[in-house]
Each structure stands twice: as C-alpha cells, then as structure tokens.
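This report describes aromatic contacts in a protein model. The sequence and coordinates come next.

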Amino acid sequence: MALASHTGSAHRIGAETVRCRGGSMAFNFPTHMESLKMKENPIGSSSLSCSSANITHGLHIDSVRMASKRGGRVIVAASPPTEDATVATEPLTKEDLVAYLASGCKPKEKWRIGTEHEKFGFEIGTLRPMKYDQIAGLLNGIAERFDWEKIMEGDNIIGLQQGKQSISLEPGGQFELSGAPLETLHQTCAEVNSHLYQVKAVAEEMDIGFLGIGFQPKWRREDIPIMPKGRYEIMRNYMPKVGSLGLDMMFRTCTVQVNLDFDSEADMIKKFRAGLALQPIATALFANSPFTEGKPNGYLSMRSQIWTDTDNDRTGMLPFVFDDSFGFEKYVDYALDVPMYFIYRKKKYIDCSGMSFRDFMAGKLPPVPGELPTLTDWENHLTTIFPEVRLKRYLEMRGSDGGPWRRLCALPAFWVGLLYDEVSLQNILDITADWTQEERQMLRNKVPITGLNTPFRDGLLKHVAQDIVKLAKDGLERRGFKESGFLNEVTEVARTGVTPAEKLLELYNGKWRQNVDPVFEELLY
C-alpha cells in the first residue's frame, strides 16, 4: 500500500553532476535545477536547495523539517519543508518534471536497497485492531526509549524518524517501516530485526501484538480505526467514487515492497519492464491474504485482488511501459493524466480530488486559482499513483503481501537478485520478451485466485517461477555478499507450488477447525 509516503522534500544539489543517459535523453540535472530555482521566489530561509547526496545515495527523500524542541525531545513537523518557503512564480514545464525523474539516475556503485513493510497491530487479549490512542502511546514509547524523532500533524503524533529510516501510519493504523537505503541484504535484514525488536519491546508492555499478513483476517472495515491524517480524509471521501474496494485497500491491507535504483533511462526501462512482467510471480510467491472477516475469501491474495477495483486511473500493469517510445517523458505524460488528490498549503491538505495537474501547471487549479505548482507538489502527486511498479526517482516493486519476518527479507532478496545483476536482468528480459499484453494482464487477474497453479502457456506459473527464483539466486551469488540464503523460503514455495496462503488455508481447515483466530499467533512477529 505505502500510502504514507511523506509529502514534500528539501532538495539539495551540490556541484556534483548527475547525468542520465538512455534513449534520447541526457540531463545535467544540477544545472537544470538552478534554472528551476529561478522559477520560485524564496520567502523564508529554506528555498529550493539540493545536495548530490540525496540523488546519489538516497532512495528516500528527506521529507520533514525541524519544528521545535520540547523538553529536549526533537519534534519534527509533518509539513513539507519547501512548501511554505517558496512560491512558484513561473510555470513548471514538462521538461522540469522529466528532469526530476531523471535525477534519480546513479552509477551502480551508488545503488541501494530500500525496504518498506507494513503490519497490523492488535490487542493480544481481544485481537481487536489498535486504537489511535494506543498507537500514539506506542510511537511515543519507541521515540523515548530508542531515540527517534517524532513527526506531528497538528497535535497528533503520526510517525517517527531516525536518520534515513521512518515509521509511518497507514489509514487504518497499519504500522509501516520505511527503511534506510542500504547496500546489502544483510543490512536490510538487520534493519528489519532491529525495528521489530524495538516495536515489540514497547508493544508487549502494552499487550499489543503485530500480525504479518496481507489482509485483515478477522475484522470488518467498520471495526478499523481511522488515523488523524489529512490526506487520508481526502482519499477516504474520494475512493468510493472511483472503485468499490478502495476503502478496503486503505484500511485492511498490508504490503512489503522494495525500492531500487537505476543508472540511466535505458536501465530504468529494462527494470520497469522486468518488474511489471514478473510482478504476478512475486504476488504468487508471497500470497498471504486468504481470509476476510473470519472466513476464507476465495483468494490467495485478497490484497492483490483489491487493487483491481480501487481506482483504475492510478493502478494496474501500465501496458505503455512496453511501448518502444517509453521513457521518463512517457511516464510524466501518464502521471499528468492521473487525477489529483490534494495539495499541501500552510500545514493543511486542500482537497483537489479528481482535478488535473495539467490545469495546476497552467495556474487553473480551482481551489487555488492563479497559483502554480512547485516540484514539491509534483513529488507529492507522484506518491498518489499506485501501479504494480511505480517510478519516482527510483523504482518500487509493489505487488506483494505483507508477511512474517523471513519474508520481509526475502522480498528484497528476490528483486535485488533479478534487477541488480546484469546477467539475470537480461535473462528475464529474454524470457518475457514475447509475453503479450494480454498474457501479462491474464496473470495479473488470475494469480490472486490460483497463485502458482495458474495455467500459463504449456504449463503452470510455478514452472516459470522456479526458473525465475533460480535466476534471482544466481544474481545474488554473483553480487558476492553471500545473500542467497535469504531466498530459501521462496525457493521452497516455488519448488512445491504451495503459497503461504494455501498453507494457512490448510491450517484453517485442519488444526484450527475453521477458526481464524489462531492466525494471530501463527503470524505474530
């Protein structure tokens, strides 16, 4: 899901030049950014300034600013750092938006791994979802015991930040760690373990547990608390207008995703296409959401199914990525046509749902007539698009259910082995080169129901998955960090063709005697 992307950023670029080549593009981004600075009139002290470290080292963009210190504890405001400090005085051009994406290009030695994962908090005694006051107590406890900075929206604590890691809340209180950009999967798994240790240390004292699953297995949507975050209120009002399952996506799903770098436009295109083609295989390997309101729901990945009827303007398999003309510019064209959700002004979210970013660029956005967008507005808009693979200044692999801790390490291992190794990446592109748009969409539609036993060409998807997992393992071995062990669990899933969801269903119909409650212990972190 990852709806809780922080809004805004403080862009800083130094003298280092980041060039992005591929197709017909080559941007000298710092120079271009200097021209963008001329389009914005600084009002405060934090005008649009950038550092090459944010481009070359960071998968995540710093997105909060210091607001105050209370009693020695650092408090971080949720407002975007450049939002109140700049006013656009000239229109952004499409070239500016393209250059923003292109600025993510970085050489291979600078590539990093960013992992995000969500989990359901629940009261151990009742199994009911955590209420906001419990979540606030948990966040405050983690901040004070483990030295995290608090992120506030008004008087409400809505997240934490420590270095390049952040903890945020999804709409129904799902607890998300957005990990730091790291070099190896050993570091990624250590980060996961450290996070779970810290959360459990505080949560257990509150009789709170955390569940690693893709869809809330027991409780109705009406039972889920609503988090006090402005952007979610706008989304909650808009979702029912554009799909029947959007509110379930917001309040009852959890995912694990990995964010990965590219070194050029051409490299981005290869990874984007490989990621989209193979996303249904990842969905199957990690399928882990077979229950709704205490009973089997007919799906292996209900979370994945929900995205098919959430908002088709901003979700899906993006067939245009496979067009010969695809590149940064085509993704900008797509993103410009995705209806807006909001803009952020004076520490408030302004409802712009269904409106056009193109109109905003022309100064014709109805809630703020005459006002022009900044790059922060564009960055915010990109976080409201939810395809199976998403492009920002890095690529996000978004197709997998949340799960227990071993799978939190396995998901980034799967994609790093495939996309960060040139041999494996080329092999994937060769294997999937003749897959048609119809076949890719068929897999997207059927995998949530039939998983690895989905028929594909002259066999089953599990046979393809076995080859793909082998390529991932080979890619990890060539990286030379002894990371292939993180794939053990998905290797077994591919070998047997039995998804995690099918194992849960077997327990439900056997040992659990058709009672879903034991899943809270089975998948307890």
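## F291 and Y508

F291 is buried, at 1% relative accessibility; buried means under 20% relative accessible area, exposed over 50%, and partly exposed in between, with a 1.4 Å probe and protein chains only. Y508 also counts as buried, at 6%. The model is predicted: local features need pLDDT of at least 70, side-chain atom pairs count only at pLDDT 80 or more, and totals for chains, interfaces and linings use all residues. Residues are numbered from 1 along each chain as its sequence is written, and side-chain values use heavy atoms, without hydrogens and water.

The rings of F291 and Y508 form a tilted aromatic pair, 5.4 Å centre to centre with 45° between the planes. Rings of Phe, Tyr and Trp (its six-membered ring) pair if their centres lie within 6.5 Å; planes under 30 degrees apart are stacked, over 60 edge-to-face, and the rest tilted. F291 is in strand β14 (residues 291-292) and Y508 in helix α18 (residues 500-509), so this pair ties together parts 217 residues apart in sequence. Helices (H or I, at least four residues) and strands (E, at least two) are DSSP runs, numbered from the N terminus.

The structure holds 19 aromatic pairs. One of them, F272 with F326, is edge-to-face, at 5.5 Å centre to centre and 85° between the planes. F272 belongs to helix α8 (residues 265-285) and F326 to the loop between β16 (315-316) and α10 (328-337), so the pair links parts 54 residues apart in sequence. F272 is buried at 0% relative accessibility, and F326 is buried at 4%.

F272, F320, F326, Y331 and Y334 make up one aromatic cluster.
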